[in-house]
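Please look over the model shown here before reading on.

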Amino acid sequence: MTLELTARVVERDVDVALDVADGETVAVLGPNGAGKSTLLAVAAGLLRPDTGRVVLDGVELTGPDVWVAPHARRIALLAQDPLLFPHLSALENVAFGPRSRGTHRRTARAQARTWLEDVGVAELADRRPGQLSGGQAQRVAVARALAADPRVLLLDEPMAALDVAVRPAMRQTLRRVLADRTVVLVTHDVLDALLLADRVVVVDGGRVVEAGPTTEVLTRPRSPFTARIAGLNMVRGTWRDGAVGGPDGIAVKGLTSEPAPVTGDPVVAVFRPSAVSVFREPPGGSPRNIISTTVTDLEPFGDQVRVRAAPTGGQSLAADVTTLAAAELDLAPGLRVVFSIKATEVSIYRT
Amino acid sequence: MTTRQRQVGLPAWIFVPAALGAALVLLPLVGMVSRVEWGSFVELVTSDSALTALSLSLRTSLVATLLCVLLGVPMALVLARTSFRGQGLVRSLVLLPLVLPPVVGGIALLYTFGRRGLLGGELDALGIQIAFSTAAVVLAQTFVSLPFLVVSLEGALRSAGDRYEEVAASLGARPTTVFRRVTLPLVLPGLVSGAVLSFARALGEFGATITFAGSLEGTTRTLPLFIYNLRVVDPDAAVAMSLVLVVVAVLVIAFARPGRSTW
């Protein structure tokens, strides 16, 4: 099943395009209000875009003169909330899809039991949704979506409402059941994208700002949002004098990759927070990038301390230092410090 | 059951008007009950004409309630789940019988379905005469009770939201299946309480009925009309029958608000 979607929804200022190949899982990342859910609603046939098309396997579902009703699309939607029908048992919830398509009651129940087993909650078949925990309910909801035998599965932040403790197991289950399916996964969790998706599309402000294989997008982010969720620092600017000329006179040197930037190109410098050293005074001598800034926040990060600095020209940077170093430097919010980054730790590429 | 003590109290004076209001509602009932001739009560409420009126009331109210459900559920769905130009106006007009004096409703019905009414000629040609028949009683009751069902069901539909319906559709359920297996079960409590309220309103209907259907014993003289007729000639019987209606009303309230009662 290949899904092609283009949609412009003026009211929500969304203008996006998305292609999903057969058997591929595409993660749609983006901040809240970026238009991710709008995209799913268009695909599911719950929202009619002002202009745009939804084409599944060459058959138009949404188009200028075409409208296939949601129930006839075989595109199942799994939302953040399980939305199990409260008046039906878990088993009847899962059997709902098959029965709606005319499967005999007994056959539908047998199928439902298999799906419940597959997601590991067979023993909850007779429970009402009100008697299930959030994680259990979402598993039943996954079984229900799969039992409908959808051609495309749309997942809208399927783990956002779950306890952090049950997310890893749920993620493993999804990883297994989503393999080989055509899936659009909306998420703001980078881990979901890494573990579940073949490709990511980053949406911001109603537009696709980045797209590509997951690891490539996350290791070479081109938008501030992607850099943030990938846990990377990013300085955006233009290429001049062999460095990324950022706002406020910042110049960051680093390793450039092909194609080599020429003066005036829009470029980004990307580096890990762990590559940043923090000093009270500018260190002398070494070929380092120096950024003067102010500490805004300190938070524990593993066995280290993440130091967040005031935005410099709109770009907020972070540094990871050891607890000992943080104590020796007597770091506190409001303190003027110097971030220092070795040029060899900085990747520079064109955007 | 635990009783939670409120930390922020109410001003003490507020209990005075509250108690007065409660008294205004309850005292007339006490007054009426105090007038009941208990010695002849059973005899009075089981007289032939009383039983005829009671049975007519129950039958017509049940049919009217059924009509309210059959017509009101689709109306509530259209109002809650669609949007069209002039929807607000339609909603206001549909709710008109709630605030309209029932007598006015009766006159409106008479000049629509009566012999010389808007549709009278057509109905007459078909050999149908509605005014001053039991059908007129049912029509009058349906007219005044329909808004009760529409209002409570539309509220239930709105608070249930349409997310379950979207999920059901994405699972392949056709609109009729979604309605039958998802929408209706979800709003069933709202539908039941709306139907019970409609039934109660139909049972108490007086003004539209007497205007449009008249007061013919056995055909259109429902319990409220019967009581109104009796109140001069046989006050004891009127009071006894009134008590019967009060009991029915209390039962209806107890039934229409399940789970909300705290006794």
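The sections below describe selected features of this model.

## Basis of the description

The model is predicted, so that local features are given at pLDDT of at least 70 and side-chain atom pairs count only at pLDDT 80 or more, whereas totals for chains, interfaces and linings use all residues. Residues are numbered from 1 along each chain as its sequence is written, and chains are lettered from A and ligands numbered from 1 in the order in which they are written.

## Domains of chain A

Chain A is divided into domain 1 (3-219) and domain 2 (232-350), with bounds that come from an automatic or database domain assignment. Between the C-alpha centres of domain 1 and domain 2 of chain A there is a separation of 38 Å.

## Strands and hairpins

Helices (H or I, at least four residues) and strands (E, at least two) are DSSP runs numbered from the N terminus, and two strands pair if DSSP finds at least two bridges between them. Strand β1 (residues 3-9) of chain A runs antiparallel to β2(A), to which seven bridges join it, and A:Arg8 faces A:Asp15 of β2(A). Four residues separate β1(A) and β2(A) in their hairpin, where A:Asp13 in the turn has a positive phi of about 50°.

Strand β4 (residues 51-56) and strand β5 (residues 59-62) of chain A are antiparallel and share three bridges, with A:Val54 opposite A:Thr62. Two residues lie between these strands in the hairpin, and A:Asp57 takes a positive phi near 50°. A further, open sheet of mixed pairing has six strands in the order β13-β12-β11-β15-β21-β14 (chain A), its edge strands being β13 (251-252) and β14 (255-256), each of which pairs on one side only. Within chain A, β11 (residues 233-240) and β15 (residues 266-271) are antiparallel and joined by six bridges, and A:Asn233 has A:Phe271 as its bridge partner.

## Helices and cores

Helix α1 (residues 36-44) of chain A is mostly covered, as nine of its nine residues are buried, and just after this helix A:Gly45 takes a positive phi of about 85°. In helix α5 (residues 167-178) of chain A lies A:Leu174, which counts as buried because 25 other C-beta atoms lie within 10 Å. Leaving aside residues up to four places away in sequence, A:Leu174 touches A:Pro158 and A:Leu196, contact requiring C-beta atoms, placed from the backbone, within 7 Å.

A nonpolar core is a set of buried Ala, Val, Leu, Ile, Met, Phe, Trp, Tyr and Cys residues joined through C-beta atoms within 7 Å. The largest has 123 residues, of which A:Ala43, A:Val94, A:Leu116, A:Leu154 and A:Val184 touch the most other members, and helix α8 (residues 134-160) of chain B gives the most to this core, with 15 residues. Apart from it lies another core of 30 residues, among them A:Ala227, A:Val305, A:Val307 and A:Leu317.

## Contact between the chains

The contact takes 17 residues from chain A and 15 residues from chain B. On the side of chain A that touches chain B, β6 (75-78) and α2 (90-100) of chain A each supply at least two residues.

How values were computed
A residue is buried if 20 or more other C-beta atoms lie within 10 Å of its own, exposed if 12 or fewer, and partly exposed in between; C-beta atoms are placed from the backbone. Two residues are in contact if their C-beta atoms, placed from the backbone, lie within 7 Å.
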